[in-house]
Amino acid sequence: MTGIDDLPVRDELRGTSPYGAPQLDVPVRLNTNENPYPLPEPLVERIAERVREAARTLNRYPDRDAVELRTRLAEYLTDTSGHEVGVAGVWAANGSNEVIQQLLQTFGGPGRTAMGFEPSYSMHGLISRGTGTGWISGPRNDDFTIDLAAARKAIAEHRPDVVFVTTPNNPTGTAVPPETVLALYEAAQTAKPSMVVIDEAYIEFSHGASLLPLLEGRPNLVVSRTMSKAFGAAGLRLGYLAAHPAVVDAVQLVRLPYHLSAVTQATALAALEHTDTLLGYVEQLKTERDRLVTELLAIGYEVTPSDANFVQFGLFEDSHETWRKILDRGVLVRDNGVPGWLRVTAGTPEENDAFLDAVRELKKEQEL
Ligand SMILES: *Cc1c(COP(=O)(O)O)cnc(C)c1O
């Protein structure tokens, strides 16, 4: 039978596998950092209305520049950060993964490299590979904070074209202090200069503020965002970035024409009319996240301080075996391959109770 290896696929793709967490049919799914709350009914109604309207003109291509959507996104960013963001400095695509892909197509590519500080979001490395960009894994401390001295050294040595800083970081939950991000930006400018991409997929869940104000006077800085987590709209596929308008002009050199469908634009616009309700859920999830931390510590697990909607916990001799035992109790968490650690997404109070019951049982079993 013909397989992938029989096809003339690119050499660097041979022997690799597609990215993705297992989508298992389990009662409690806390493995992909989704928001557990379905969209509120008034928003569902509004989406239906807006999509019905968009359907009337689906014979035409959508607004290629998504101007209305980018205007509303700029307003959302300005309102929530206090930093003035204009439409010319905002770009949107199908999930922040596509935003990252466009950035790597623009600023990375064959003969160029990108760097991230691992463990971090593995898609940064995978999209680098997919765009022919070399990947360099930068260091972290044992407590998963960024080792600034080592990071500076790595940047000076490798002179990457793109540097990713994920804050709050996935899968560890660790926030990166603004001073550290600034120091990394300075190091990256001295070395090359290169683009620094702050991945703020989880910023709405953070104790700290967005780093959007750092964009001021730094044209090589990009902040990427998504509606997949805080907005509870992972199924929508809408990500966006804020940066100097020149960066937005640059990514347009690689974007496919009409990449963002009229249906997607209409749905995202509806969501942006309901940010108050959506950010209300975020507050509940932050409370649940903090409860998970407190209870996991009380049970006797170790926890990495979290600024996101998930918690990294351990330590396990064999994290995959523990992952399996938790799954046997009907709860799906994530094994990100960080030795000794697993990650649980904050769900509804009931889902979190089910998870806590499962890991409490496991702890008792181990003590017998
Ligand atoms: C989930 C996540 C994203 C979101 O990707 P989308 O394509 O917008 O769904 C981006 N960055 C990080 C670090 C994430 O964890």
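Which residue of strand 10 stands opposite valine 303? In this predicted model, local features need pLDDT of at least 70 and side-chain atom pairs count only at pLDDT 80 or more, while totals for chains, interfaces and linings use all residues. Residues are numbered from 1 along each chain as its sequence is written, and side-chain values use heavy atoms, with hydrogens and water left out.

The residue opposite valine 303 is phenylalanine 313. The setting is an open sheet of 3 strands in the order 9-10-12, with antiparallel pairing (strands, E, at least two residues, and helices, H or I, at least four residues, are DSSP runs numbered from the N terminus; two strands pair if DSSP finds at least two bridges between them). Strand 9 (302-303) and strand 12 (341-345) form the edges, each pairing on one side only. Strand 9 is joined to strand 10 (residues 310-314) by 2 bridges, and the two run antiparallel.

Two helices lie across these strands. Helix 9 (residues 275-299) lies across strand 9, strand 10 and strand 12, at about 10 degrees to strand 10 (axes are lines fitted to C-alpha atoms, for helices over the stretch in contact, and angles run from 0 to 180 degrees between N-to-C directions; contact means heavy atoms within 4.5 Å). Helix 10 (residues 319-328) lies across strand 10 and strand 12, running at about 35 degrees to strand 12.

Elsewhere, helix 2 (residues 67-81) packs with helix 8 (residues 262-272) at an angle of about 25 degrees, their axes 10 Å apart. The contact involves Glu68, Leu69, Arg72, Leu73 and Tyr76 of helix 2, together with Gln265, Ala268, Leu269 and Leu272 of helix 8.
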